[in-house]
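I set them down in the order in which I looked them up.

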Amino acid sequence: MAASSKVSFFGGVDEIGGNKIIIEDKGTRIVLDFGKSFKARSKFYDWNETPRVANGIGDFIAMGLLPDLGGIYREDMLALAGRSKREDPLAVAFFLSHAHADHLDYVSFLREDLELYMGETTKRIVESLEYERGTRLEFEITGYKRRPLEKGSSRIPRKINTFVTGSKIQIDSIEVEPIHVDHSIPGCYGFVVRTSKNTIVYSGDLRIHGNNPSLTRDFIERAAAEKPDVMICEGTRIDETSLTKEKDVFDVSKYFVERSKRHLVYADYSYKDIDRFTTFYNVAKSTGRALLIHAKVARYLKSLSSGGNPLKLPSLGDENILIYKPREKSGVYHDHDYSKEDREIYEGNQNQVWTAENVKRNPSKVIIALGSYQIDQLVDISPTEGLYLHSSSEPFNEEGELSEEKMKNWLDRFGLQRIHLHCSGHASGRDLNDIVSSIQPRLLIPIHTEHGGLFKLLHGLKVKVPELTKEMEI
Ligand SMILES: [Zn+2]
Ligand SMILES: [Zn+2]
């Protein structure tokens, strides 16, 4: 009798994110997600500190940020760590569920000849973010520059394949079928994986209380029809029941903005979350204001609007969108203070560009959506009172966010009242119960959670909480 399939977890165990799942069948291995583990990383590094490049992959492995897996890492990073022996890659194909850091970012360390598979929207988001961030060791997805960096060195591209719902990708005896799900960034997928022995479904990150529940419903229906042997399911909020919806964020925001008629309103959310952007755009529109965004957000919207504008985003010329031009080097808005790309945005949307002086004169005309990393613009705008709408959608601190304490000090300094409103990107405990009950897997493996054991209470199904690096026969 042929050996059974195996699954092992190198991240996402007892933590939210950092998913790295290896599935093995007949000697072939594929990997589902290869994310950055915020939990492991924050044990030793602040968000703005990076492990030493001088030791290549060495510091990442020694400090538990990357698993020590053979043959999959970039040669330049291995060489710096004194590990130049060439090995056959442990796995040949990597499937990425969506564009969040905790599922994707550590692809940055993979060899360029391994096959990457991602949704078309994910690729677009990644390209847009890479463009904004420039060369950064922990975010080089579509290609990378050899370390140590040399002036003028060219970028080495990776092999990227894109998929859509219903694509069927065959890697030897393993077949992978992506199916869309709804989450807090566009272009998210779950996977049905068929091996020679069994069928495994993987949820990625999902919810059914967002603006597009039908996407997740499609996944549930498809997964249930498979009568899967195994379901690997995210459990971020298995211990929560709150069902705040995107519409609630809209209603509460609108309520407070309407009552802050003359005042400045500052909205802080992840600009990559298009649902949240749309919510604040609609709040602005319905309260006679415009949403004031950064030039890089304007580019992000533009890149997601191409190809027929599938997300139905407003155009940059829309009267309820304004673009903020901050004071930079010269302090007096000299053209050479700005990148060519920023200048293009300003010049292409001249009637739409506002500076701090415009905001200062007309605080009631805008909702400032510049994120926490640009809170220092308040010095130029100098409000004495106003509203701060805090609305992040991910459970971990994205890079660049201020600590809560520092943010509170900024708000106190400028008299802004904080309102927290939030619709999670993740299904609640009750919804997870419904999802798993509908799919009815023979075995449930919870990941992306610190409370995996709770699934045992909820479902009465066979549940096995995985152990890090330990192979499970399935
Ligand atoms: Zn995640
Ligand atoms: Zn996510």
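**Entry 1. Helix H8**

I worked from a predicted model. I began with what covers the buried residues of H8, and found that the cover includes H7, strand E14 (264-268), strand E15 (290-294), helix H9 (295-305) and strand E18 (366-368). The buried residues themselves are Ile274, Asp275, Arg276, Phe277, Thr279, Phe280, Tyr281, Val283 and Ala284. I then checked the length of H8: its 13 residues should span 18 Å at 1.5 Å a residue, and the end C-alpha atoms are 18 Å apart, which agrees. Just after H8, I noted Gly288 with a positive phi of about 70°.

**Entry 2. H7 against H8**

Two packed helices are described by the angle between their axes and the distance between the axes. I looked up both for helix H7 (residues 246-258) and helix H8 (residues 274-286): the axes come within 9 Å and cross at roughly 35°. The crossing of H7 and H8 is right-handed.

Which residues make this contact between H7 and H8? From H7 I listed Glu246, Val249, Phe250, Ser253, Lys254 and Val257; they meet Asp275, Thr279, Phe280, Asn282, Val283 and Ser286 in H8. Sorted by class, the contact has five nonpolar, four polar and three charged residues.

**Entry 3. Helix H6**

I turned to helix H6 (residues 213-225). Its 13 residues should span 18 Å at 1.5 Å a residue, and I found the end C-alpha atoms 18 Å apart, in agreement. Leu215, Thr216, Phe219, Ile220 and Ala223 of H6 are buried. They lie on the same side of H6, because they cover an arc of only 135° around the axis. An α-helix has 3.6 residues a turn, so residues three or four places apart point the same way. On the other side of H6, I recorded Ser214, Glu221 and Ala225 as exposed.

Among the elements that cover the buried residues of H6 are strand E10 (174-181), strand E11 (188-194), strand E12 (199-202) and helix H14 (429-439). After H6 comes Lys227, for which I noted a positive phi near 45°.

**Entry 4. H6 against H14**

I followed one of these covering elements further. The axes of H6 and H14 come within 8 Å and cross at roughly 35°. On the H6 side the contact is made by Ile220, Ala223 and Ala224, and on the H14 side by Ile435, Ser438 and Ile439.

**Entry 5. Helix H5**

Helix H5 (residues 120-133) has 14 residues and reaches 20 Å from first C-alpha to last, close to the 20 Å expected at 1.5 Å a residue. Its buried residues are Thr121, Thr122, Lys123, Arg124, Ile125 and Val126. I found that the buried residues of H5 pack against strand E5 (115-119), strand E8 (159-163) and H9. H9 is also part of what covers the buried residues of H8. Just after H5, Gly134 takes a positive phi of about 70°.

**Entry 6. Leu78**

I located Leu78 in helix H3 (residues 75-80). Is Leu78 buried or exposed? It has 21 C-beta neighbours inside 10 Å and therefore counts as buried, the cut-off being 20 or more. Leaving aside neighbours within four places in sequence, I found Leu78 in contact with Gly56, Ile57, Tyr73, Arg83 and Ser84.

**Entry 7. Backbone details in loops**

The peptide bond from Arg147 to Pro148 is cis, with omega near -5°. I placed Pro148 in the loop between strand E6 (143-144) and strand E7 (156-157).

Where is Lys26 found? I placed Lys26 in the loop between strand E2 (20-25) and strand E3 (28-34). Its phi is near 50°, a positive value in a residue other than glycine. With 13 other C-beta atoms within 10 Å, Lys26 is partly exposed.

Thr469, in the loop between helix H15 (454-459) and strand E22 (472-473), has a positive phi near 70° and is likewise a residue other than glycine. I noted 14 C-beta neighbours inside 10 Å for Thr469, which counts as partly exposed.

Technical notes. Residues numbered from 1 in each chain as written. Chains lettered and ligands numbered in written order. Predicted model: local features only at pLDDT ≥ 70, side-chain atom pairs only at ≥ 80, totals over all residues. Axes fitted to C-alpha atoms, helices over the stretch in contact; angles between N-to-C directions. Helix = DSSP H or I, 4+ residues; strand = E, 2+ residues; numbered from the N terminus. Left-handed = near helix turned anticlockwise from the far one by under 90°. Contact = placed C-beta atoms within 7 Å. Nonpolar A, V, L, I, M, F, W, Y, C, P; charged D, E, K, R; others polar. Expected span 1.5 Å × (residues − 1). Buried ≥ 20, exposed ≤ 12 C-beta atoms within 10 Å, placed from the backbone. Arc of directions from axis to C-beta.
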